[in-house]
Structure formats: C-alpha cells, structure tokens
Amino acid sequence: MLTCDHPVPPDRYNDRVEEHLRVTRFYHASQIGVVQCQKALVNALIERWHPDTYTFHLLVGECAVNLEDVALILGLPTDGLPVTGMTMSSFEALEAECLDQFGVAPRKEECRGCCIKLTWLCDLKENFQLTDEISIQSIGQYSWGSACLAHLYRALCRASRFNCKKIDSPLTLLLGWAWIRLPYLSPLPRKSRNFPLAKRWHNWERGDRRYRYLTLSHFRKAFDEIQEGQFVWAAYDVDRVDPNIIPAEIYMQSVVWSATVPLVSFECIEWHATDRIRRQFGFVQEVPHQKWNLDKAHGEVLTGPKNLNWTTAPSHSFWVMHWTTNLYVS
C-alpha cells in the first residue's frame with residue numbers, strides 16, 4: 001500500500017476562508033482531518049446503548065457522550081440558538097429559497113427531489129461572489145455541537161434495534177469519546193497536544209495498523225470485564241489534558257455542558273440526560289430525575305412531504321423553547 005503526506009499542512013487556509021470559518025465557529029472542527037473508523041468498537045458500544053435512558057450501561061455505571069465531550073473532542077460550539085427552522089421537500093419551495101438567497105434557481109433536472117445536485121452548486125460557486133457578511137456571521141449564533149450530539153443519539157437509538165444494519169452519525173465523536181474515556185482500548189495517538197482532541201487520532205492507522213483488525217469479540221470481552229478505574233470519569237482534568245491547548249471561547253461555553261435539556265436539530269429531538277451521568281462532571285451520582293417523554297418528537301423523520309417550520313411545529317415547539325429559554329447564551 002502506498003501512502004503519502006501532502007507537503008502543505010492541513011491547517012493552512014486562504015486568509016478569507018479561515019476568517020469565515022472562525023466567524024462561523026467551525027474552524028476548530030475543520031482542523032481534525034480524517035479519523036479512521038474502528039467498526040468493531042462502534043458495534044460493541046451500540047450493544048450497550050439503552051435508548052430509554054440515552055446512556056451506555058457498563059459494569060462501572062451509566063455513561064454517555066455529552067456536550068462537554070462535543071466541545072473538547074470536536075471543537076464545535078455548544079451554546080447558542082437551537083439548530084431549527086424550515087425544511088422544504090418540494091421543488092417549488094427549493095426554487096423560491098434559491099431565488100431569495102442567490103438570485104438564481106436550479107432547473108428541475110438539476111435537482112433530485114428537494115436536493116440540489118452538486119454540479120449546480122459548483123457552477124454557482126464559480127459565478128457567485130459571497131458578500132453577505134451578515135448571513136455568514138449569523139451561522140455562528142447556533143449550537144452546532146448540540147445538533148451534532150442529537151444526531152449521534154438518534155443514530156445510536158436506531159442502530160440498537162435488532163433489524164438495523166448500519167449507522168450514520170458523527171462517529172469521530174463517538175470514537176474520540178471512547179478512546180478518551182477508555183484509554184486502554186484506544187489506538188496509539190499520533191499527536192497528544194492538539195486541539196480539538198479528536199486530532200490526536202488523525203490517521204491513527206498509519207502508526208497502529210494492528211488496532212484496525214481488533215474484533216467485536218475483543219471489545220465485548222473488554223466491556224464484560226471492565227473494572228472500576230478503567231473508565232475515566234474526570235477525562236479532562238489538568239493531569240490528562242493540558243488546559244493551555246483549550247481555546248478560551250471553548251471554556252466559556254462550559255455553563256451548558258452539565259445541563260439536563262433537550263438536544264435540537266430540526267426534526268431530531270433527543271435528551272441530554274446528564275442527571276444520570278453526574279460522575280462525568282465531577283459530581284456525586286444521585287437518583288436521576290424521572291425520564292422526560294419526548295413523545296412524537298423522538299420518532300420524527302424527514303421522509304415524505306415535510307414543508308414545515310420545526311420551530312413552531314406542535315410536536316417540537318415545547319422542546320425548542322425549553323432549550324432557548326434555559327440555555328441560550330448570547
């Protein structure tokens with residue numbers, strides 16, 4: 001197998017591109033690069049996911065990926081407005097939106113359902129100058145990290161069903177969480193002092209090819225025999241993560257990390273059950289609160305006609321307001 005390292009470092013951008021990435025708060029996530037999946041570990045984690053509690057059940061206790069993990073592993077913003085609004089499933093609605101945003105619209109043959117073909121967007125990119133700085137700045141007002149976590153929870157809930165054969169979600173987040181919380185089950189990190197923390201395992205397979213071939217039975221056995229002390233509850237203490245590599249704007253979001261709230265991303269509503277994983281925040285675990293019933297919001301999907309504003313939809317408006325009134329940090 002031939003491999004090569006590109007001579008230009010992956011963190012070099014055109015100055016204008018970097019400026020926009022920082023304004024939208026996607027700059028840190030853009031630095032992670034490729035993190036190879038370890039399918040056997042993902043499958044072992046899915047087997048221990050409980051959709052009723054939104055937690056993994058291990059012998060040492062309940063645990064879960066939370067907003068603190070999202071902020072430190074991916075560098076995504078976890079505070080801000082919920083990611084929600086209109087979804088459009090008709091060509092007419094898509095055409096109207098493109099005319100409003102770009103002044104031009106694709107033809108029907110340049111679309112597939114409510115999706116625009118990439119070739120049209122590439123042509124648009126060549127002939128359209130992005131000058132709306134206000135629109136770019138507004139992107140940074142949203143809690144993209146909580147939306148990311150919502151989709152991970154949704155994917156884990158679906159994948160835990162007996163008839164589900166695949167998972168589509170931010171697996172870099174799931175794997176990074178497992179490798180930080182269960183370091184004895186991680187591949188050799190290539191870089192230890194980078195942010196976001198997922199960058200530690202950028203192209204890990206180049207230095208630890210053996211790890212790629214570990215089997216599901218290996219990870220099942222590890223989870224079956226896990227001992228107290230092998231799961232790292234205080235994963236981001238100063239003796240484990242150098243606080244100097246964490247940007248100040250990330251620490252400023254910490255007020256939301258331990259909140260027990262709904263996670264919102266358009267049709268996707270999941271529950272951030274931090275009352276069940278208090279030890280991950282350095283607290284004593286008490287009896288969890290009564291489980292919230294997300295009702296119809298939990299099973300909503302985007303298949304079929306969905307010209308809908310999820311902010312005001314009867315099944316979702318309460319949860320959107322719950323996040324907005326409790327956690328929006330301007």
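Cys-148 is buried (under 20% relative accessible area, with exposed over 50% and partly exposed in between, 1.4 Å probe, protein chains only), at 14% relative accessibility. The model is predicted, so local features need pLDDT of at least 70 and side-chain atom pairs count only at pLDDT 80 or more, while totals for chains, interfaces and linings use all residues. Residues are numbered from 1 along each chain as its sequence is written, and side-chain values use heavy atoms, without hydrogens and water.

The whole structure has zero disulfides, a disulfide being a pair of cysteine sulfur atoms within 2.5 Å. The table gives two cysteines whose closest cysteine sulfur is too far for a bond.

| Cysteine | Closest cysteine sulfur | Distance |
|---|---|---|
| Cys-148 | Cys-268 | 11 Å |
| Cys-268 | Cys-157 | 8.9 Å |

Cys-268 is also buried, at 0% relative accessible area.

Trp-177 has contacts (heavy atoms within 4.5 Å) with residues including Phe-56, Asp-69, Phe-231 and Gln-280, leaving aside residues up to four places away in sequence.

Helix H3 covers residues 39–47 and helix H11 residues 216–224; their axes come within 8 Å and cross at roughly 45°. The contact between them involves residues including Leu-41 and Leu-45 of H3 and Phe-219 and Phe-223 of H11.

Notes:
Axes fitted to C-alpha atoms, helices over the stretch in contact; angles between N-to-C directions. Helix = DSSP H or I, 4+ residues; strand = E, 2+ residues; numbered from the N terminus.
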